[in-house]
Amino acid sequence: MTDASVGRPGFTEEEAARLAALSQLYSEAKSLILYAEEVDPDARSNLQIIKELRDAFDHLMRAISVRFDASRSPVDDDQAYCSNNLSKAEGHVYRAAFDALDGALLSLRVKIAEVASQYPLEALSQVVPDYWRLKRDLERLSTQVAEHRAGKDVGRQIIATLDRYVEDVTQVKCFYDELLGCAPLLDEYVAKAKREQLGNDHRLFWVSVMAATIGALAGGALAWFAGG
């Protein structure tokens, strides 16, 4: 086996800086991927994300293999080859992050709909602060997703686009957390409304019974007087 440390050219300063940035990007993407899996109803891993990370790893290994191949000497072609593969690795990690955000947003929308469907609109609007504003914001954020997806190809604005997408999904997450936090109050509101409705039903029942009784007595009295 060849000792790869002999005559190894190593990475240039620029390549080392890009590798450091790539590792930071991967760390951030990994956090998004783990959160997407956490909020997924079935805690599933996204196969497309796995493919993006696999492809990123493949390009990274191509760059590393050039720089750690003792049988090669540093040439301009190697630098271009390494730079190209680092760029492709970055692109795949970015796409993995976007795919994770897509999955997280979809899961959050499903969860929000599931929680909201358990309560009448009156309870939601009375108990959840700014419910209708939050709901409008949710629809607006969902509309913006199409713009985020359209801008996820690697380019000058990729970092800003990803940051905006993270902010939007964070807002949706906050809405979901607030909805969950209001669940005890919503349950209490619904239970109180049911008790009040039951009380009203009982009152209506006895009012109806009394009205029917009075009506029957009045009818009997009129018939007695008429007969007398």
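Rings of Phe, Tyr and Trp (for Trp, the six-membered ring) form an aromatic pair if their centres lie within 6.5 Å; planes under 30 degrees apart count as stacked, over 60 as edge-to-face and the rest as tilted. The structure holds 4 aromatic pairs. One of them joins Phe98 and Tyr165 in a tilted arrangement, 6.0 Å centre to centre with 40 degrees between the planes. Phe98 belongs to helix α3 (residues 76-116) and Tyr165 to helix α6, so the pair ties together parts that are 67 residues apart in sequence. Ring pairs also link Tyr131, Trp132 and Phe175 into a cluster.

This is a predicted model, in which local features need pLDDT of at least 70 and side-chain atom pairs count only at pLDDT 80 or more, while totals for chains, interfaces and linings use all residues. Residues are numbered from 1 along each chain as its sequence is written, and side-chain values use heavy atoms, with hydrogens and water left out.

Helices are DSSP runs (H or I, at least four residues), numbered from the N terminus. Helix α6 (residues 158-181) has 24 residues and reaches 34 Å from its first C-alpha to its last, close to the 34 Å expected at 1.5 Å a residue; the expected span is 1.5 Å times one less than the number of residues.

Buried means under 20% relative accessible area, exposed over 50%, and partly exposed in between (1.4 Å probe, protein chains only). The buried residues of α6 include Tyr165, Asp168, Val172 and Phe175.

| Residue | Relative accessible area | Class |
|---|---|---|
| Phe98 | 0% | buried |
| Tyr165 | 1% | buried |
| Glu188 | 53% | exposed |

Glu188 is located in helix α7 (residues 183-227). Its C-alpha atom is separated by 9.7 Å from that of Ala123, 65 residues apart along the chain.

Conventions
Helix = DSSP H or I, 4+ residues; strand = E, 2+ residues; numbered from the N terminus.
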